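Here is a short briefing on one chain. Keep the coordinates open while reading.

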Amino acid sequence: MEFGARRALRFLLLLLLPVPGAAGAGPVALPLVINTWAFRKATETAWYTLQSGGSELDAVERGCAQCEIDQCDGSVGFGGSPDEHGETTLDAMIMDGDTMEVGAVADLRRIKNAIGVARKVIQHTKHTLLVGESASLFAESMGFPCEDLTTQNSLSIYLKWLYQSCQPNYWKNVIPDASKSCGPYKQAKQLNSEEWINSQKRINIHNHDTIGMIVIGGSGHVAVGTSTNGAVHKIQGRVGDSPIAGAGAYADSTTGGAAATGDGDIMMRFLPSYQAVEYMRTGTDPTTACQKVISRIQKYVPYFFGAVICANTTGSYGAACNKVPGFTQFHFMVYSPLLNQPFEQVVDCI
């Protein structure tokens with residue numbers, strides 16, 4: 001093909017691609033990799049895993065693991081989001097849309113590769129979710145090295161929080177007053193509903209940047225996964241939406257996949273990823289499916305921080321987010337055969 005003709009073809013393809021600010025895209029060539037936030041290297045790793053012959057589950061595992069290694073945004077992997085005792089713990093989940101098998105770990109300690117451990121739960125157990133110290137012991141039995149997840153960065157975050165009288169935190173209806181001082185806390189004699197309502201308006205938009213990834217192979221097989229170190233300064237033992245199937249992510253190879261990011265304590269109550277896939281099953285396009293699950297949560301919690309990505313087995317994809325102060329647009333990554341590199345998309349929040 002002549003050089004001029006190649007340039008013309010390239011220009012035509014670019015015209016067909018979604019542009020930043022667009023809500024989503026129509027059918028594109030498969031395979032497809034899409035993940036939350038501008039985590040480009042994770043997208044590349046998942047894509048090249050597929051291109052080298054890896055399965056969709058391989059691509060999800062290695063893509064999310066790349067974010068664990070890179071400590072994406074401080075909210076994935078070791079050395080970030082210390083809990084109220086200064087410890088970093090990890091949550092992860094992986095799901096096979098062909099078999100509907102799920103492997104997940106939560107409150108994982110001393111193990112850096114959380115998504116890898118989640119994959120082992122599928123491969124070597126009949127269970128779905130392992131938690132806490134027992135999950136760590138399982139990981140060690142599977143050959144994962146035991147390592148310290150604390151870094152100078154996570155320690156400094158924790159010490160600064162202590163210096164600020166443990167503000168903000170996740171306690172309510174306790175004494176001493178959790179809005180003014182550190183614990184240990186005891187339950188207050190009377191419950192204060194106004195305190196809960198006000199707490200919902202205090203949003204930290206840099207506190208929940210989970211990686212959620214959807215991979216759809218060339219033949220339409222779907223896999224999804226998540227990995228996070230959870231909410232910074234969380235109460236010890238807290239588990240968010242990320243390792244919960246249907247909340248953090250969901251896959252069904254007859255339909256598509258979805259993944260969520262944001263305030264997991266709110267979003268997990270609505271199973272947004274499962275609901276989005278069910279909307280797509282009935283013929284709803286991915287962008288509208290994402291918008292509908294965000295709108296449903298808005299009715300109950302207008303101030304929540306969150307976003308959802310959706311993709312169906314035709315290769316169509318979309319995203320939606322809830323508009324709150326400081327968060328009016330959501331960035332996510334896409335890779336398909338029409339692109340020679342990962343493409344960062346931006347969607348306006350609703």
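Aspartate 252 is buried in this predicted model, because its relative accessibility of 8% falls under the 20% cut-off. Its side chain meets that of arginine 281 in a salt bridge, 2.6 Å from N to O. Aspartate 252 sits in strand β10 and arginine 281 in helix α9, so the pair ties together parts 29 residues apart in sequence.

**Salt bridges**

- Arginine 281 counts as partly exposed, at 38% relative accessibility.
- Arginine 281 also forms a salt bridge with glutamate 278, with the closest N and O atoms 2.9 Å apart.
- Both of these residues, arginine 281 and glutamate 278, lie in helix α9; they are three residues apart, about one turn of the helix.
- Salt bridges with shared partners join Asp58, Glu61 and Arg119 into one network.
- Glutamate 140 pairs with arginine 110 in a salt bridge, the closest N and O atoms being 2.9 Å apart.
- Glutamate 140 is in helix α5 (residues 132-141), and arginine 110 is in the loop between β4 (102-108) and α4 (114-124), so this pair ties together parts 30 residues apart in sequence.
- Glutamate 140 is partly exposed at 33%, and arginine 110 is partly exposed at 24%.
- The structure holds ten salt bridges.
- Side chains of opposite charge can pair when their charged atoms come close.

- Helix α9 spans residues 272-281, and seven of its ten residues are buried, so the rest of the structure largely encloses it.
- The buried residues are Pro272, Ser273, Ala276, Val277, Glu278, Tyr279 and Met280.
- Their cover includes β10, β11, α8, α10 (286-300) and β12 (306-312).
- Serine 273, in helix α9, is buried with a relative accessible area of 0%.
- Beyond four places in sequence, serine 273 touches Gly246, Ala247, Gly248, Ala249, Tyr250, Ala258, Ala259 and Ala260.
- Glycine 283 follows α9 and has a positive phi, near 105 degrees.

**Annotated binding site**

- An unreviewed UniProt entry carries a "binding site" annotation covering Arg238, Val239, Gly240, Asp241, Thr261, Gly262, Asp263 and Gly264.
- Valine 239 is in the loop between β9 (222-228) and β10 (249-252).
- Valine 239 is partly exposed, at 26% relative accessibility.
- Apart from neighbours within four places in sequence, valine 239 contacts Asp91, Ala106, Asp265 and Met268.
- Aspartate 263 lies in the loop between β11 (256-262) and α8 (264-267).
- Aspartate 263 counts as buried, at 18% relative accessibility.

**Surface**

- Leu155, Leu159 and Leu162 form a nonpolar surface patch, with about 230 Å² of accessible area together.
- Leucine 155 belongs to helix α6 (residues 152-163) and is partly exposed, at 33%.
- The chain exposes about 15300 Å², of which carbon and sulfur atoms supply 54%.

**Whole chain**

- The secondary structure comes to ten helices and 15 strands.
- Of the 350 residues, 54% are buried.
- Among contacts with a separation of 6 or more, 64% join residues 24 or more positions apart.

**Confidence**

- The average pLDDT of the chain is 91, and 87% of the residues score at least 70.
- Over residues 1-23 the pLDDT stays under 50, and the model has 26 contacts beyond four places in sequence for this stretch.
- Where pLDDT is low, the predicted coordinates should not be read in detail.

Conventions. Residues numbered from 1 in each chain as written. Predicted model: local features only at pLDDT ≥ 70, side-chain atom pairs only at ≥ 80, totals over all residues. Heavy atoms only, no water. UniProt positions renumbered as here; feature names shortened; annotations may be inferred. Helix = DSSP H or I, 4+ residues; strand = E, 2+ residues; numbered from the N terminus. Buried < 20%, exposed > 50% of the residue type's maximum accessible area, 1.4 Å probe, protein only. Contact = heavy atoms within 4.5 Å. Patch = residues over 30% accessible without salt bridge, like charges linked within 9 Å, V, L, I, M, F, W, Y side chains within 5 Å. Areas by Shrake-Rupley, 256 points an atom, 1.4 Å probe, with all protein chains shown as cover. Salt bridge = Lys/Arg side-chain N within 4 Å of Asp/Glu carboxyl O. pLDDT = per-residue confidence, 0-100.
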